[in-house]
Amino acid sequence: MTFLIAWSFSTRQIIVTTFIICWGLRLSGYLLYRIIKIGEDNRFDDKRDNCLKFAGFWVFQAIWVFVVSLPVIFVNAPAIASRFDYVTPQDIVGFILFGLGLVVETFADIQKFNFRNNPDNRGKWCDTGLWRFSRHPNYFGEITVWIGIFLISTSILQYGQWTAILSPLFTMAILLFLSGIPLLEQKSDERYRKNEQYLRYKRRTSPLLMLPPPFYNVLPRLIKSIFCCEFPLYNHLDEENESIKSSPHHQQPITQQP
């Protein structure tokens, strides 16, 4: 819409708009395919019966779309068309990151969907393909996509337009701290907390960045937390042990004196 309203078709505007169309078609096409195969979409079941919840959800979605779209809105602004209409180094880096992110999240979604629809994998977690190197490669791809779009926009940003940085930051905040990884990690921990293979998978696999499991496994916990997004809020495996220890009926084992 911003591309057509501006009616100024510079090279960067055409490229960025094409990227966003590809991203949107990929996501909507995958969701449509998933609903057709599964026959339902239960993500809104807890909101459909409550008008206020449903309205609040869609208002938040509108805010999300606007904030995430800021780099595209600024790139497509009419006054920007003639500004630096040539490829800059940050454009090239942005092109690469966008392409990498789109490919990663596409393959990650397909691999997990196929894994879940295989009857032999019932009751298991996805640890094949890209999911061997990251517990959430689809989110890694999504974050990379919007970092790439922001970097492209930095070629033309001036003054208050640098609020476009909110696009990748908002995406990261939602996926890392709110509705993305925290909820999925809690669900998986509660379901597989007694499965030794799952515990080994979680210990050896990065939550976001795609890293070889043997390499990630030997990293110090502090390094994992600071550089690999292994935040304490992703760990729900110790809650059962803590509740047992705090129970008034729990007794410490008696050790014999030599």
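## A first look at an all-helix model

A search of the whole structure finds 19 aromatic pairs, where rings of Phe, Tyr and Trp (its six-membered ring) pair if their centres lie within 6.5 Å. This is a predicted model, in which local features need pLDDT of at least 70 and side-chain atom pairs count only at pLDDT 80 or more, while totals for chains, interfaces and linings use all residues. Residues are numbered from 1 along each chain as its sequence is written, and side-chain values use heavy atoms, with hydrogens and water left out.

**Aromatic pairs**

- A pair of aromatic rings is described by the distance of the centres and the angle of the planes.
- Trp-23 and Trp-146 have ring centres 5.2 Å apart and planes at 75°, so this pair is edge-to-face (planes over 60 degrees apart; under 30 would be stacked, and the rest tilted).
- Trp-23 sits in helix α2 and Trp-146 in helix α6 (residues 137-153), so the pair links distant parts of the chain, 123 residues apart.
- Both Trp-23 and Trp-146 are buried (buried means under 20% relative accessible area, exposed over 50%, and partly exposed in between, with a 1.4 Å probe and protein chains only).
- The rings of Trp-64 and Phe-170 are also edge-to-face, because their centres are 6.2 Å apart and their planes stand at 70°.
- Trp-64 belongs to helix α3 (residues 51-68) and Phe-170 to helix α7 (residues 166-178), so their pairing ties together parts 106 residues apart in sequence.
- Trp-64 counts as partly exposed at 21% relative accessibility, and Phe-170 is partly exposed with a relative accessible area of 21%.
- Trp-125, Tyr-192, Tyr-198 and Tyr-201 are linked into a cluster by ring pairs.

**Overall make-up**

- The protein has 12 helices and 0 strands; these are DSSP runs numbered from the N terminus, with helices (H or I) of at least four residues and strands (E) of at least two.
- Of its 258 residues, 40% count as buried.
- The accessible surface comes to about 15800 Å², with 65% of it belonging to carbon and sulfur atoms (Shrake-Rupley method with a 1.4 Å probe; for residues, only the protein chains shown count as cover).
- Among contacts with a separation of 6 or more, 72% are between residues 24 or more positions apart (contact means heavy atoms within 4.5 Å).

**Helices α2 and α5**

- Helix α2 (residues 11-38) packs with helix α5 (residues 89-116) at an angle of about 5°, their axes 12 Å apart; axes are lines fitted to C-alpha atoms, for helices over the stretch in contact, and angles run from 0 to 180 degrees between N-to-C directions.
- That angle makes α2 roughly parallel to α5 (under 35 degrees; over 145 is roughly antiparallel, 65 to 115 roughly perpendicular and the rest oblique).
- Residues making the contact include Phe-19, Trp-23 and Tyr-30 of α2, and Phe-95, Glu-105 and Asp-109 of α5.
- The contact residues divide into 11 nonpolar, 1 polar and 7 charged (Ala, Val, Leu, Ile, Met, Phe, Trp, Tyr, Cys and Pro are nonpolar, Asp, Glu, Lys and Arg charged, and the others, Gly among them, polar).

**Two residues with positive phi**

- Most residues other than glycine have a negative phi.
- Tyr-159, although not a glycine, has a positive phi of about 50°; Tyr-159 is in the loop between α6 and α7 and counts as exposed at 74% relative accessibility.
- Cys-229 has a positive phi near 65°; Cys-229 lies in the loop between α11 (221-227) and α12 (239-246) and is buried, with a relative accessible area of 15%.
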